[in-house]
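Dear colleague,

Please find the structure below, handed over for your own work.

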Amino acid sequence: MKNTSLFAIFWMMLVSLPIYSQVDDSQRLISCISKGDMSALSKYFDPEVEISILGKGDILSAKQAESALSDFFSGKLVSSCKISHQGNNGKVSFCIITLTMSNREQYRVYVLNKKVGEQPKIQQFRIDYVD
C-alpha cells in the first residue's frame with residue numbers, strides 16, 4: 001500500500017511538470033507584455049519569428065521582431081493583460097492573451113512557443129483587434 005501511494009504521488013508530480021513549466025513561461029510572457037518590455041521578451045524569440053500586427057505580418061529576425069513590437073507598444077499603456085486560453089503538448093505550447101490598453105482598446109495576442117533543446121522559443125506572435 002505504501003509503495004502504491006508513493007508511486008501515485010511520484011506519477012502526479014511527473015505528469016504535472018509540463019504544466020508548471022508552461023505557467024512559468026506564461027507568467028514571464030505576461031510580465032514582459034504588461035511592462036511593454038520587448039527587449040526582455042525578445043530573449044525568448046527564435047532566430048526567426050512570424051510576426052503579425054493588426055493584419056500585417058512577415059517572418060522577421062529576432063531583432064526586427066523586437067523593433068516591430070516596440071513600435072506597436074510605443075506610447076501605449078497596458079492596463080490589463082490576462083491569459084484567456086493556453087495549451088501545451090510538451091514540445092509546442094500556445095497562449096492567447098486579452099490585452100486592454102489605458103485608452104480601453106482591446107487586443108488579442110496569440111503566442112506560439114516551440115521547445116528548442118530545453119528552452120521554449122517564440123515562433124509566432126500575433127496581435128489582433130478584439131471584435
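A residue is called partly exposed here when its relative accessible area falls between the limit for buried, under 20%, and the limit for exposed, over 50%. Arg126 has a relative accessible area of 38%, so this residue is partly exposed. Please note that the model is a predicted one.

Confidence

The mean pLDDT of the chain is 84, and 82% of the residues reach at least 70. Among the elements of the chain, strand 1 has the highest mean pLDDT, at 97, whereas helix 1 (residues 2–35) has the lowest, at 57. Over residues 5–23 the pLDDT is below 50, and this stretch has five contacts in the model beyond near neighbours in sequence. Where pLDDT is low, the predicted coordinates should not be read in detail.

Salt bridges

Two salt bridges were found in a search of the whole structure. Side chains of opposite charge can pair when their charged atoms come close.

One of the two salt bridges links Arg126 to Asp128, with 2.6 Å between the closest N and O atoms. Asp128 is also partly exposed, because its relative accessibility is 21%.

The side chains of Lys63 and Glu66 form a salt bridge as well, with an N to O distance of 3.6 Å. Both residues belong to helix 3 (residues 62–73), where Lys63 and Glu66 are three residues apart, about one turn of the helix. Glu66 is buried, because its relative accessibility is 14%. Lys63, by contrast, has a relative accessible area of 61% and is therefore exposed.

Strands 1 and 2

Strand 1 (residues 45–53) and strand 2 (residues 56–61) run antiparallel and are joined by six bridges. Ile53 has Lys56 in strand 2 as its bridge partner. The two strands form a hairpin with two residues between them, and Leu54 in the turn has a positive phi of about 50°.

Asn113

Asn113 is part of strand 5 (residues 106–116). Its relative accessible area is 11%, so Asn113 is buried. Which residues are in contact with Asn113, leaving aside its neighbours within four places in sequence? They are Lys91, Val92 and Ser93, together with Pro120, Lys121, Ile122 and Gln123.

With kind regards

Methods:
Residues numbered from 1 in each chain as written. Predicted model: local features only at pLDDT ≥ 70, side-chain atom pairs only at ≥ 80, totals over all residues. Heavy atoms only, no water. Salt bridge = Lys/Arg side-chain N within 4 Å of Asp/Glu carboxyl O. Helix = DSSP H or I, 4+ residues; strand = E, 2+ residues; numbered from the N terminus. Buried < 20%, exposed > 50% of the residue type's maximum accessible area, 1.4 Å probe, protein only. Pairing = 2+ DSSP bridges. pLDDT = per-residue confidence, 0-100. Contact = heavy atoms within 4.5 Å.
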